[in-house]
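These are my notebook entries on one structure.

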Amino acid sequence: MKIAILSNGTGNYSTKRLKEVAEARGHQVDIIKYKNCLVSVDKENPKVIYKGKEIDIKTYDAIIPRIANYMTRYGTSVVRQLEREGIFTTASGIAIARARDKLRATQILARTVDVPKTIFSRNSIDIDTMLEEIGGEPVIIKLGTSTHGNGVVLAETKKAARSALQAFYLYNEDGTNVMIQEFIAESAGTDIRVFVVGGRVVASMKRQSLNDDFRSNLHKGGQGTAIKLTDEERKIAIKSAKAVGLGVAGVDIMRSNRGPLVLEVNASPGFGIEKVTGRDVATPIIEYIEQNAKRGQKKDKVGA
């Protein structure tokens with residue numbers, strides 16, 4: 001098969017692992033820097049142009065999008081252009097965009113699994129109402145576009161919450177939504193990353209902050225350790241990936257006194273979980289493509 005990896009380049013660890021595994025299994029792999037692509041939209045002759053040449057879309061059997069959060073809008077436009085020709089993708093453009101839209105993703109997940117109590121707001125006027133709805137303070141406040149723990153704060157008092165909200169809205173004059181979420185004290189600084197491929201769990205790890213930080217992200221200095229999931233957690237992770245429409249996903253779960261809660265679903269999960277757990281996640285992704293890459297087949301069946 002011929003596979004295209006849409007990535008920021010060969011220096012990315014996940015990209016190197018995917019290329020290595022795919023080529024070892026006899027596949028041809030092209031790494032395309034999607035941010036350098038030109039998209040030509042035309043009814044009769046849609047094109048993606050890369051390095052001055054038109055990509056022969058029909059020669060590819062599958063694409064693996066590794067779209068950075070800050071390039072979501074443009075990256076998904078490239079994915080959609082390739083999808084238009086019926087090429088199999090491990091993550092459709094619409095599923096990536098859905099996962100990155102925290103409001104939309106939370107609404108979708110809440111239909112199927114338990115999530116922390118959440119309020120989205122565009123102003124700081126009704127802070128008392130928001131805190132009452134959440135159940136009091138402390139609360140977690142996140143930008144609608146937050147990633148890797150950035151744009152996330154813990155507000156321990158109503159006064160701190162009001163200040164944080166006002167700062168977020170002042171900083172985001174474009175009207176970016178802000179999410180207010182209940183604080184799960186029993187899991188502060190800890191969560192579980194579950195790597196799901198093709199409807200099955202291939203690896204899982206617990207992420208723990210090494211200081212008083214309530215965020216467990218490895219990008220913030222958190223430490224990862226292999227963990228065994230409960231049957232319920234395994235089922236919830238699979239349901240969450242399916243609900244958002246992703247064939248490959250990183251599902252973040254928090255253990256609470258009322259059971260597991262899904263925090264979010266990541267459309268381009270990092271491969272650091274391999275180093276933490278010793279589990280190979282690249283091979284299951286290539287196997288997933290081998291089993292499903294048929295011209296004209298669409299994996300994204302969930303409505304926008």
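Entry: I looked up Phe271 and found it buried, because its relative accessible area is 3% (buried means under 20% relative accessible area, exposed over 50%, partly exposed in between, with a 1.4 Å probe and protein chains only).

**Entry: basis of the values.** I noted that the model is predicted, that local features need pLDDT of at least 70 and side-chain atom pairs pLDDT 80 or more, and that totals for chains, interfaces and linings use all residues. Residues are numbered from 1 along each chain as its sequence is written, and side-chain values use heavy atoms, with hydrogens and water left out.

**Entry: aromatic pairs.** A pair of aromatic rings is described by the distance of the centres and the angle of the planes. I applied this rule: rings of Phe, Tyr and Trp (its six-membered ring) pair if their centres lie within 6.5 Å; planes under 30 degrees apart count as stacked, over 60 as edge-to-face and the rest as tilted. The count came to two aromatic pairs. For Phe88 and Tyr288, the centres are 5.6 Å apart and the planes stand at 65°, so I recorded the pair as edge-to-face. Phe88 belongs to strand β7 (residues 88-89) and Tyr288 to helix α9 (residues 282-292), so the pair links parts of the chain 200 residues apart (helices are DSSP runs of H or I with at least four residues, strands runs of E with at least two, numbered from the N terminus). Phe88 and Tyr288 are both buried. I then recorded Phe195 and Phe271 as edge-to-face, at 5.8 Å centre to centre and 75° between the planes. Phe195 is in strand β12 and Phe271 in the loop between β16 and α8 (272-277), 76 residues apart.

**Entry: helix α7.** Which residues of α7 are buried? I listed Glu233, Ile236, Ala237, Ser240, Ala241, Ala243 and Val244. Down the axis of α7 they fall within an arc of 160°, so they line one face of the helix (the arc is that of the directions from the helix axis to the C-beta atoms). On the other side of α7, I found Asp231, Lys235 and Lys242 exposed. After α7 comes Gly245, with a positive phi near 95°.

**Entry: charges over rings.** The charged end of Lys275 sits over the ring of Tyr13, 4.4 Å from its centre (the rule asks for NZ of Lys or CZ of Arg within 6 Å of the ring centre and within 35 degrees of the ring normal). I also found Lys2 over the face of Tyr60, at 4.5 Å from the ring centre.
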